[in-house]
Amino acid sequence: MRRVLVAAVAASSLAALAAGCGDTKDDKSGGSGGSGGSGGKTLTVFAAASLTETFTRLGKDFEGTRPGLKVRFNFGGSSTLAQQITQGAPADVFAAASGTTMKTVSDAGDAAGQPTVFAKNRLVIAVPKGDPAKVHALADLAAPKLKVVLCAEQVPCGAAAKQALAAAHLTVKPVSQEQDVKAVLTKVRLGEADAGLVYRTDAKAAAGQVEGIEFPESAKAINSYPIAALTKAPQSALAREFVQYVLSQQGRAALSAAGFESP
């Protein structure tokens, strides 16, 4: 069974971004080049926690093509982010870790146009460095004395975990259920859990403090990641441009390097 060494990743999500995110006047500059028109503006992107490393990088690259632009991120559980958007939190772009959470936003009329799937992701078993509990396969998570942490079922990583466990005909009783995948990874890293299910990309993003164990049942629970500009985006033109940037060759290359699969 293949193991991938992974390191800890900070598990905190940003709070919903409200007033104070910068100029909220709609960007009418258009285009996708590095021309002026973005100075002093802030683009607010709500994105699934598992996109933290990749989108942070893409955000900096996007800023570099538009002098004066600031890209602000709110990373967290997709279901929480979707709820914030439908309740009126100011945001320009939403990138979710599942079609179900994006549908919440679309059904509320908050997605501008048809969301586009830009990546896919699958789960691995995360264990502390050295694997002290000797976890080797998904079936091991059902051991009564094993401390397992999962994402809550209402967030995409939890829904995927439920589907993978069902495919393996396993019942696992977690010691806790977290609101996003980074929280699961942190509990494993700190030794508060013997194992947890996280995305492959979260495993690959790190280097040395936890180990990631691949398992065949993950193929039964692959998550698709859709992205959309939002209808009430304060920076609507820039929102569309950022979506296109994620879908571009450069965006897809960054996603592939992080371990995401092509849509």
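Begin by selecting Ile125, which touches Val135, Ala137, Leu138, Leu141, Ala195, Gly196, Leu197, Glu211, Gly212, Ile213 and Phe215, leaving aside residues up to four places away in sequence. Contact here means heavy atoms within 4.5 Å. The structure is a predicted model, in which local features need pLDDT of at least 70, side-chain atom pairs count only at pLDDT 80 or more, and totals for chains, interfaces and linings use all residues. Residues are numbered from 1 along each chain as its sequence is written, and side-chain values use heavy atoms, with hydrogens and water left out.

**The whole chain**

Of the 263 residues, 52% count as buried. Buried means under 20% relative accessible area, exposed means over 50%, and partly exposed lies in between, with a 1.4 Å probe and protein chains only. Among contacts with a separation of 6 or more, 81% come from residues 24 or more positions apart.

**The nonpolar cores**

Next, select Leu51, Phe55, Phe118, Ile125 and Leu141; of the 68 residues in the largest nonpolar core, these touch the most other members. Helix α7 gives the most to this core, with seven residues. Another core lies apart from it and has 13 residues, including Ala82, Ala89, Ala111 and Leu230. A nonpolar core is a set of buried Ala, Val, Leu, Ile, Met, Phe, Trp, Tyr and Cys residues joined through side-chain atoms within 4.5 Å.

**The aromatic rings**

Show the side chains of Phe55, Phe62, Phe73, Phe75, Phe118, Tyr199, Tyr225, Phe242, Tyr245 and Phe260, which ring pairs link into a cluster. Rings of Phe, Tyr and Trp (its six-membered ring) pair if their centres lie within 6.5 Å; planes under 30 degrees apart count as stacked, over 60 as edge-to-face and the rest as tilted. The count by this rule is ten aromatic pairs. Zoom in on Phe55 and Phe73: their ring centres are 6.3 Å apart and their planes stand at 55 degrees, so the pair is tilted. Phe55 lies in helix α1 (residues 52-64) and Phe73 in strand β3 (residues 70-76), so this pair ties together parts that are 18 residues apart in sequence. Phe55 is buried at 0% relative accessibility, and Phe73 is buried with a relative accessible area of 8%.

**Strand β11**

Six of its seven residues are buried, so β11 is largely enclosed by the rest of the structure. Strand β4 (residues 93-95) runs antiparallel to β11 and is joined to it by three bridges, with Phe94 opposite Ala228. Strand β5 is also antiparallel to β11, through five bridges, and Thr116 stands opposite Ile227. Strands pair if DSSP finds at least two bridges between them.

Select helix α2 (residues 78-86), where Ser78, Ser79, Leu81, Ala82 and Ile85 are buried. They cover an arc of only 160 degrees around the axis, which puts them on the same side of α2. The arc is that of the directions from the helix axis to the C-beta atoms. Among the elements covering these buried residues are β2 (42-48), β3, β4, α3 (99-107) and α4 (156-167). Gly88 follows α2 and has a positive phi, near 105 degrees.

Now select helix α8 (residues 249-257), whose buried residues are Gly251, Ala254 and Leu255. Viewed down the axis of α8, they fall within an arc of 100 degrees, so they line one face of the helix. Their cover includes α1, β5 (116-121) and α7 (236-247). Just after α8, Gly259 takes a positive phi of about 105 degrees.

**The disulfide**

Finish at Cys151 and Cys157, which are joined by a disulfide with an S to S distance of 1.9 Å. A disulfide is a pair of cysteine sulfur atoms within 2.5 Å, and the count by this rule is one. The link of Cys151 and Cys157 is left-handed, with -100 degrees about the S-S bond. Cys151 is buried, with a relative accessible area of 2%, and Cys157 is buried at 5% relative accessibility.

How values were computed
Helix = DSSP H or I, 4+ residues; strand = E, 2+ residues; numbered from the N terminus.
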